Amino acid sequence: MAVENTILICAGGACISAGEESVKSVLEEELKKYALDSVVRVVETGCMGACNLGPIMVIYPEGVFYQKLKPQDAKEIVQEHLLKGRTVQRLLYKGPTGEIKPKAKEELPFFKRQVKVATRNLGVIDPVNIEEYIANDGYFALDKVLHKTPEEVIEEVKKSGLRGRGGAGFPTGLKWEFTRKSKSDEKYVICNADEGDPGAFMDRSVLEGDPHSVLEGMEIAGYAIGAHHGYIYVRAEYPLAIERLGIAISQAHEYGFLGDRIFGTDFSFDVELRIGAGAFVCGEETALIQSVEGKRGQPVQKPPFPAQKGVWSKPTVINNVETLANIPVIINKGAEWFASMGTEKSKGTKVFALAGKINNAGLVEVPMGTTLRELIFDIGGGIPNGKNFKAVQTGGPSGGCIPAKYLDTPVDYDSLMELGTIMGSGGMVVMDEDTCMVDVARFFLQFTADESCGKCTPCREGTRKMLEILDRIVEGNGEMEDIDRLETLAKTIKDTALCGLGQTAPNPVLSTLRYFRDEYEAHIKDKRCPAKSCKSLIAYTIDPNKCVGCTACARACPVNAINGEVKKVHEIDQDTCIKCGSCYEVCRFDAVEKVDAIDLVTN
Amino acid sequence: MKIKSLEELQKIKEKALKEISGRETKKRGRIVVGMGTCGISAGAKDTLRALADELEKQSIDDIAVIQSGCMGLCEVEPTVEVQIGSEEPAIYGHVNEEQARRIVREHVMKGKILSDILVKRGKV
């Protein structure tokens with residue numbers, strides 16, 4: 001019997017945690033009940049990118065896009081949409097102005113403005129079905145390269161201008177060439193899937209949604225450099241990615257895409273999974289190699305670079321997940337096609353994970369050179385609750401913050417470097433007016449201080465000292481000399497730390513000092529937090545003219561710091577108050593205010 | 001099975017593409033089967049299966065078979081509405097398995113309206 005409807009359910013990590021599995025099980029139950037299970041095909045796909053709308057379902061042939069689904073909604077969709085042909089209006093996407101978009105996937109700017117290369121199959125194919133990958137030209141690139149010489153393959157990748165998507169942006173073709181030229185009886189390909197930046201989930205989504213494209217990319221790299229063995233280093237916190245990679249590897253074996261004599265040629269290649277324990281430093285390539293070898297994950301001195309002496313002391317190419325996922329498309333469509341997108345020195349597209357204070361949090365892929373404004377406002381839908389944009393943090397703990405006046409900067413490796421931050425792996429954390437920039441710097445430094453492996457002194461001790469100074473400042477105990485101390489420490493750590501983690505750890509502090517020095521000074525000189533976010537420097541008070549005595553705040557207060565009778569003005573006892581903000585959240589009359597604590601003292 | 005050549009890979013691609021083509025919106029026309037309670041009790045499920053089966057047998061993949069609710073013609077159920085391209089839809093009544101196959105072979109393939117089972121032309 002022919003399949004008449006296909007339902008794509010997004011089974012990316014975000015949708016799964018939003019309840020995708022129970023929606024799917026109700027859906028399948030209902031389909032069985034109405035004997036539709038033979039004509040309706042349900043496919044779980046990888047992340048569609050619109051994570052804030054999850055769980056998501058797209059019903060074809062019409063392409064109707066249902067969002068924010070609960071299990072009982074699946075029942076309604078079967079009874080109304082599938083059985084009676086009526087679209088369920090209340091489950092369609094509604095724009096900010098209330099307009100309904102039944103085919104959100106084709107119509108929304110969030111989807112329309114994207115150019116998908118690395119994420120081409122996400123939300124389109126079933127990641128556990130190799131034939132769907134083949135249907136979308138999967139493994140055709142592998143066949144194509146096996147009819148070329150390795151040098152021709154490297155030349156093609158060099159011509160495409162592809163640069164490493166993991167952060168540093170080293171030209172991929174060049175890396176392959178160096179490894180090819182290193183003489184050795186054995187070489188290795190490693191896929192770096194140790195994604196660890198807070199708020200970044202590009203690589204996880206690609207692994208979960210299109211594992212075969214990463215495998216194919218690794219094999220092409222292997223053929224180009226002369227390797228027969230590959231490792232995928234993936235963190236244990238990504239169980240779904242590990243599961244789907246495992247399925248993909250065994251399917252690829254079955255079809256003869258992995259193993260001996262691939263496509264009947266002399267080329268043999270195999271891939272093994274290495275599960276990491278989730279240490280941030282293991283994303284650094286030399287530490288990663290140590291960990292692959294079963295040793296403690298600590299970086300070692302470079303040079304020698306992995307291209308000369310990598311895993312098991314053999315020449316090794318290490319590429320990031322997204323880099324590898326781009327490779328098959330470059331081979332299939334050609335280097336010129338890829339190089340036609342992007343800016344002069346950054347070609348192709350980049351996947352970004354939009355997070356923080358942004359309406360359309362999720363995964364997007366756009367051509368290099370797209371401006372921050374387009375990314376955040378046109379595609380990302382802007383800042384929620386009518387707040388003002390303050391800054392965007394790129395590059396995770398190794399990156400920095402970009403203020404509003406640079407919103408029209410085209411995003412590529414070099415422009416971000418000029419602004420004092422880095423492209424990084426593609427995490428973008430958007431901040432609004434309520435975010436304290438000193439606290440942001442402190443947050444990221446806390447992260448790197450915790451994740452420092454401790455091998456070299458500048459990173460182990462230096463980040464800790466910087467953190468102590470920042471703690472002092474946000475508590476209102478800072479002095480002006482602290483800013484100079486921070487700058488000296490930052491510069492010293494940058495110059496002397498052993499690996500990338502330490503060398504980039506001061507970036508969040510340096511970039512916030514560059515653009516938001518006034519906020520540091522306000523904390524130190526005036527003992528005020530301009531964003532009213534640092535607990536030690538603010539206080540909550542109740543405006544007697546606005547308070548109606550509804551008692552909502554008094555009931556919400558966990559420490560009984562609010563006194564007052566019904567229908568009479570309430571008051572906060574500052575000595576008992578722990579500044580949790582519960583009263584501020586629950587007051588419907590805007591009577592609870594955040595003020596600078598210093599004003600209360602002087603009054 | 002191990003794939004040894006581009007031809008074999010191409011074959012799998014074509015087969016898989018056929019499987020997922022149901023997601024494409026580019027269809028030449030559609031057949032709507034009334035699947036309200038009235039339709040189902042009159043045998044619409046068999047009609048639907050016969051339609052889908054016959055389309056597959058004739059290798060027709062550009063016609064969507066859609067299920068809908070009761071269109072208000074309960075006494076002539078199972079009802080089937082056929083619309084090809086921009087022409088006026090034709091509504092057939094009392095469509096059993098045999099008539100369903102006729103609809104595919106005559107109307108869908110040759111463009112002939114089956115006047116003996118036609119209930120109405122135009123939108124309901």
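Start at A:A391 in this predicted model: its bridge partner in strand 14 of chain A is A:P403. Together strand 13 and strand 14 of chain A make a hairpin, with five residues between them. Look in the turn for A:G395, whose phi is positive, at about 80°.

Now zoom out to the whole chain. Chain A is split into domain 1 (5-108), domain 2 (130-338), domain 3 (349-432), domain 4 (437-526) and domain 5 (535-602). How far apart are the C-alpha centres of domain 1 and domain 2 of chain A? The answer is 34 Å. As for contacts between these two, domain 1 of chain A puts in five residues and domain 2 of chain A puts in seven. On the domain 1 side of that contact in chain A, four residues are polar, one is nonpolar and none is charged.

Let's go to a sheet in chain A, an open one with four strands in the order 2-1-3-4 and mixed pairing. Its edges are strand 2 (40-45) and strand 4 (64-66) of chain A, each of which pairs on one side only. From neighbour to neighbour, the strands here are turned by 20° on average, ignoring direction. Take strand 1 (residues 5-10) of chain A: six bridges tie it to strand 2 of chain A, and the two run parallel. If you want a landmark in that pairing, find A:L8, whose bridge partner in strand 2 of chain A is A:V43. What packs on this sheet, touching strand 1 and strand 2 of chain A? That's helix 2 (residues 20-33) of chain A, whose direction makes about 170° with that of strand 2 of chain A.

Another open sheet of chain A also has four strands, this time in the order 9-8-7-10, and here the pairing is parallel. Strand 9 (270-276) and strand 10 (316-320) of chain A have just a single partner strand each, so one side of each is left without a neighbour in the sheet. The twist from one strand to the next averages 20°. Strand 7 (residues 188-193) of chain A pairs with strand 10 of chain A over five bridges, in the parallel sense. A handy pair to look up is A:Y188 with its bridge partner in strand 10 of chain A, A:T316. Packed on this sheet is helix 12 of chain A, which touches strand 8 (229-235) and strand 9 of chain A. The direction of helix 12 makes about 165° with that of strand 9 of chain A.

Stay with helix 12, since it brings us to some helix packing. Two packed helices are described by the angle between their axes and the distance between the axes. For helix 11 (residues 211-225) and helix 12 (residues 239-254) of chain A, the axes come within 9 Å and cross at roughly 60°. Helix 11 and helix 12 of chain A are therefore oblique to each other, and their crossing is right-handed. On the helix 11 side, A:P211, A:H212 and A:L215 do the touching, and they meet A:R244, A:L245, A:A248, A:I249 and A:A252 in helix 12 of chain A. Sorted by class, this contact between helix 11 and helix 12 of chain A has six nonpolar residues, one polar and one charged.

Helix 12 of chain A also meets helix 10 (residues 202-209) of chain A, where the axes come within 8 Å and cross at roughly 35°. Which hand does this crossing of helix 10 and helix 12 of chain A have? It's left-handed. Here A:R204, A:L207 and A:E208 of helix 10 meet A:L240, A:A241, A:R244 and A:L245 of helix 12 in chain A. By class, the contact of helix 10 with helix 12 of chain A has four nonpolar residues, three charged and no polar ones.

Last stop, the contact between the chains: chain A brings 27 residues and chain B brings 30 residues. On the chain A side, the elements giving two or more residues are helix 3 (71-84), helix 6 (130-135) and helix 7 (140-146). Helix 6 of chain A gives the most, with four residues. The side of chain A that touches chain B has 15 nonpolar, seven charged and five polar residues.

How values were computed:
Residues are numbered from 1 along each chain as its sequence is written. Chains are lettered from A and ligands numbered from 1 in the order in which they are written. This is a predicted model: local features need pLDDT of at least 70, side-chain atom pairs count only at pLDDT 80 or more; totals for chains, interfaces and linings use all residues. Ala, Val, Leu, Ile, Met, Phe, Trp, Tyr, Cys and Pro count as nonpolar, Asp, Glu, Lys and Arg as charged, and the others, Gly among them, as polar. Axes are lines fitted to C-alpha atoms, for helices over the stretch in contact, and angles run from 0 to 180 degrees between N-to-C directions. Angles under 35 degrees count as roughly parallel, over 145 as roughly antiparallel, 65 to 115 as roughly perpendicular and the rest as oblique. A crossing is left-handed if the near helix is turned anticlockwise from the far one by less than a right angle, and right-handed if clockwise. Two strands pair if DSSP finds at least two bridges between them. Domain bounds come from an automatic or database domain assignment.
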